[in-house]
Amino acid sequence: MSNRKHILRRASHCALLCLAIFGLAGAGDPASRFNEIGHQLMCICGCNEILLECNHVGCPDSDGMRNELMAAVSRGDSDSLVEQSFVQRYGPTVLAAPTKKGFDRTAWIMPFVALVLGFGLVVLVVRAWRNRPEPALADGIRPASDAELDPFREQARKETEL
Amino acid sequence: MATIGSYALLLALALSGYSFLFGFLALMFPGEGSERVGETARRAGVALFGAVLLAAVALVTAAFQNDFTIAYIFHHSNRALPAPYKFAVLWSGQEGSLLFWSLLLAAYGFVLRLRYKTDPRLFAYASVILAAVQLFFLALVCFAANPFGLIEGPPRADGSGLNALLQFPEMVIHPPMLYLGYVGFAIPFAFALGALIMKYPGEKWIHITRRWTMVTWGFLTCGIFLGSHWAYYVLGWGGYWGWDPVENASLMPWLVGTAFLHSVMMQEKRGMLKVWNMWLVFATFWLAILGTFLTRSGIINSVHAFAQSSIGTWFAFFLAISFAVFVLVFALNHKHLRSEHRLESLASRESSFLFNNLLFLLLTLDVLWGTWFPKISEWVQGNKVTVGGPFYNRVAIPVAMLLLLLTAVGPLLAWRKTSFESLKRNFMWPTIGALAAAVFVMITPSRWGSIFGLRPWTDISLLYSLMTVFLSALVTLTVASEFYRGGRVIREKTGQSMFASMVQLTHRNTRRYGGYVVHFGVALVMIGFCGAALNQDKEMEMGYGDRMSIGSYELVCRSYTQDDNPNQASEWAILDVYQNGQKIDTMTPVRIFYKAGQQASTKPDIRSTLKEDLYLVYEGQSEKGRPIIKAHVNPLVMWIWIGAWMMVLGTGLGLVPNAPAPVAVRATRLVETATPVATGD
């Protein structure tokens with residue numbers, strides 16, 4: 001038992017370590033920060049494209065926004081400060097996804113609520129269907145048990161598979 | 001032409017009204033003469049196709065005749081427009097595309113009404129329901145969005161021309177495919193509602209509906225991927241999917257339709273999920289109409305959307321009415337759909353279909369929620385927010401991964417119950433093979449480029465990509481093992497080659513093995529998607545002899561030039577492409593200025609290989625008159641197009657009738673001493 005606990009503890013440490021590595025990976029490097037934040041922002045010219053993916057001819061906004069972002073990242077502004085300054089300047093639609101504050105939070109919560117409810121519902125359905133009794137058979141006929149059917153299943157497998 | 005077209009539309013409206021009203025009366029009041037009345041309604045439905053076709057031909061003819069007295073032709077065509085795009089004018093704008101909808105609906109109805117002998121009563125119900133849908137679309141083109149409206153003021157010498165982004169060969173096929181998909185979902189809906197109204201006994205309607213749904217699903221799949229291809233090759237932003245509301249609108253009915261194609265098997269094999277399937281068919285149709293509403297009402301901002309107009313109200317009413325009618329009929333007749341559900345094991349095909357349906361529905365809800373959230377936010381807090389790629393990537397990718405896992409696992413589970421031994425036997429080698437593929441991709445050096453050297457610990461998107469590689473390989477190997485096992489049994493029995501055995505195997509159960517080919521296509525598409533995590537891009541002003549390095553390529557600007565014709569003026573850059581010091585290609589990205597519409601557009605030049613695409617965009621000219629080139633290296637994009645073709649091929653395969661099962665005749669040796677019955681002389 002203690003051996004099992006030890007393995008579980010080790011596994012949880014490994015999982016935490018992996019999460020930390022994924023969380024910290026790439027953070028801090030200005031180029032990757034520019035790339036990461038630039039993909040969280042939209043170009044505001046009306047093209048409906050991510051800032052760093054907007055390249056249509058004669059876009060009046062994306063170049064200026066990129067320069068602004070590069071300057072903020074070079075200054076060492078935090079991610080949230082950069083995003084706040086963009087929101088103040090261009091409005092909330094400049095963020096490519098809803099924030100995790102106030103009503104916007106529901107955008108993120110609802111898919112997971114649906115996931116949990118959906119899985120719960122399917123599990124309930126599966127349990128209910130599994131607990132249903134066998135359909136009644138005509139008098140004198142006894143349903144075959146799994147043990148009786150297994151040889152036939154094996155025979156079918158041999159004749160139809162490898 | 002305007003007069004012919006307008007009268008043809010009015011005639012079609014009258015015919016659809018007759019087909020609906022008298023078809024309905026014949027079904028509601030059966031008795032003496034009702035069959036003859038019903039037959040006239042069916043024939044009116046057949047004839048209305050001719051009337052709508054005449055209207056469509058009139059509009060296309062007007063485009064070819066440069067009849068700019070018609071406002072629609074003036075706004076969407078011009079004299080110098082190449083002939084294929086003049087043909088495509090039919091679906092280039094709001095009014096024309098609604099006429100095209102009506103035409104396709106009438107064409108589907110035409111086929112349905114000609115095949116009525118399959119089951120006259122069920123087809124009569126379906127015909128009436130279809131006539132009601134047709135009535136709505138024809139009323140729309142007659143009264144709210146008439147494509148034959150005349151232009152006010154003096155006659156115009158030339159038109160405004162077609163939107164620059166639409167002047168691309170795929171423009172001629174992408175919208176028809178998409179519309180065939182959207183419109184086609186009206187047919188399964190008509191059959192389902194008809195079956196519900198008449199309390200249709202048995203599962204025959206499901207067999208009929210399934211084939212129609214497969215055809216429609218195939219068209220929609222084709223339309224969606226052609227749209228992606230079009231975006232990739234025309235918009236010049238280096239992407240094939242942008243989670244735009246209009247793209248989402250096409251994805252939602254596709255997802256629910258896919259769920260239906262799976263769950264319908266439960267009803268056919270086990271008589272389960274009858275109510276669920278009925279709702280899925282309805283939801284698919286309803287979401288297709290909702291997509292059209294989104295595109296045309298202007299309620300949600302999109303780069304693809306048609307101009308804002310009043311027809312959104314028409315669609316809102318139609319959506320509400322169709323929902324109310326379905327709910328009412330369902331409430332009255334749902335007891336007819338009662339079925340006995342019993343599940344013997346969690347490790348069974350049935351439970352895998354349940355989870356499959358759940359995941360498809362969740363994905364649909366995620367997309368629907370993300371599409372509507374900006375509007376909901378505006379209603380609730382008074383300001384709009386953007387719901388773009390980062391949101392969908394976070395909520396949809398995990399669900400898509402689970403679906404991919406089920407795609408691998410589901411087909412190998414048996415109906416009712418799968419033993420542990422069977423699971424081990426079926427999954428061991430595919431799992432080992434998939435793990436080997438994932439480890440190989442992970443440990444190979446990054447300098448190999450493309451998907452190689454995927455280090456999942458450096459970025460979460462690379463972790464997703466690696467998982468996708470593993471799951472796609474698992475799907476591919478399970479599909480391959482299914483073909484191999486079945487083929488081997490036939491080979492042992494017949495002595496044919498393995499390939500011939502697999503062909504025979506597929507022909508004996510085209511739906512099952514066609515489905516496997518679709519799954520294989522899905523795996524290829526997913527591998528293509530995971531390449532997006534490794535995209536690179538670079539932008540540079542390039543004069544004569546300037547060099548740019550990106551990925552394993554070096555680009556050298558050889559020259560830049562200009563061209564001019566009556567329809568367009570263009571600027572070209574001519575770039576030599578080197579790899580490992582060797583010249584491998586010359587590429588010519590171009591920027592085009594369309595004169596009639598006064599619009600500019602880019603046409604990227606793309607060098608596609610299985611490993612990656614080198615994608616060059618001519619972004620514009622610098623102040624010095626030099627071209628500004630944006631280069632992208634997009635790994636594995638070609639896999640998406642190959643996968644899409646596989647999906648369409650698999651769907652086509654699933655529609656081929658099964659070969660009859662061979663009669664088993666045991667070969668016996670002739671008795672050598674027997675005397676012949678006759679010698680032949």
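# Close-up views of a predicted model

**View 1. Strands 8 and 9 of chain B form an antiparallel pair held by four bridges.** Strand 8 covers residues 605-608 of chain B, and strand 9 of chain B covers residues 612-621. The model shown here and in the other views is predicted. Within the pair, B:Ser608 lies opposite B:Asp613 of strand 9. Strand 9 of chain B is mostly covered, with eight of its 10 residues buried.

**View 2. Strand 9 of chain B also pairs with strand 10 of chain B, in the antiparallel sense.** Nine bridges connect the two strands, and strand 10 of chain B spans residues 627-635. One of the bridges puts B:Glu612 together with B:Pro635 of strand 10. The hairpin of strand 9 and strand 10 of chain B has five residues between the strands. In this hairpin, B:Gly625 adopts a positive phi near 85 degrees.

**View 3. Four strands of chain B make up an open sheet in the order 1-10-9-8.** The pairing in the sheet is antiparallel. Its edges are strand 1 (536-541) and strand 8 of chain B, each of which pairs on one side only. From one strand to the next, the twist averages 15 degrees. In general, strands of a sheet pair through backbone hydrogen bonds, either parallel or antiparallel.

**View 4. Domain 1 of chain B contacts domain 2 of chain B.** Chain B is divided into domain 1 (1-167), domain 2 (170-339 + 348-414), domain 3 (415-533) and domain 4 (534-638). Taken over C-alpha atoms, the centres of domain 1 and domain 2 of chain B are 25 Å apart. The contact involves 29 residues of domain 1 of chain B and 31 residues of domain 2 of chain B. On the domain 1 side, the elements that supply two or more residues are helix 4 (83-88), helix 5 (94-114) and helix 6 (120-144) of chain B. Helix 6 of chain B provides the largest share of that side, 10 residues. By residue type, the domain 1 side consists of 23 nonpolar, four polar and two charged residues.

**View 5. The largest nonpolar core has 185 residues.** B:Ala12, B:Ala55 and B:Ala186 touch the most other members of this core. Helix 9 of chain B (residues 204-235) gives the most to the core, with 17 residues. Leaving aside residues up to four places away in sequence, B:Ala12 touches B:Leu48, B:Ala51, B:Val52, B:Ala55 and B:Leu138. Another core, of 26 residues, lies apart from the largest one. Among the members of this other core are A:Leu41, A:Ile44, A:Cys54 and B:Val387. In soluble globular proteins, nonpolar side chains tend to be buried together.

**View 6. Chain A has six helices and zero strands.** From the N terminus on, the order of elements in chain A is α-α-α-α-α-α. Chain A has 162 residues, of which 19% count as buried. Of the contacts in chain A between residues at least 6 apart in sequence, 38% join residues at least 24 apart.

Key:
Residues numbered from 1 in each chain as written. Chains lettered and ligands numbered in written order. Predicted model: local features only at pLDDT ≥ 70, side-chain atom pairs only at ≥ 80, totals over all residues. Domains from an automatic or database assignment. Contact = placed C-beta atoms within 7 Å. Nonpolar A, V, L, I, M, F, W, Y, C, P; charged D, E, K, R; others polar. Buried ≥ 20, exposed ≤ 12 C-beta atoms within 10 Å, placed from the backbone. Pairing = 2+ DSSP bridges. Axes fitted to C-alpha atoms, helices over the stretch in contact; angles between N-to-C directions. Core = buried A, V, L, I, M, F, W, Y, C linked by C-beta atoms within 7 Å.
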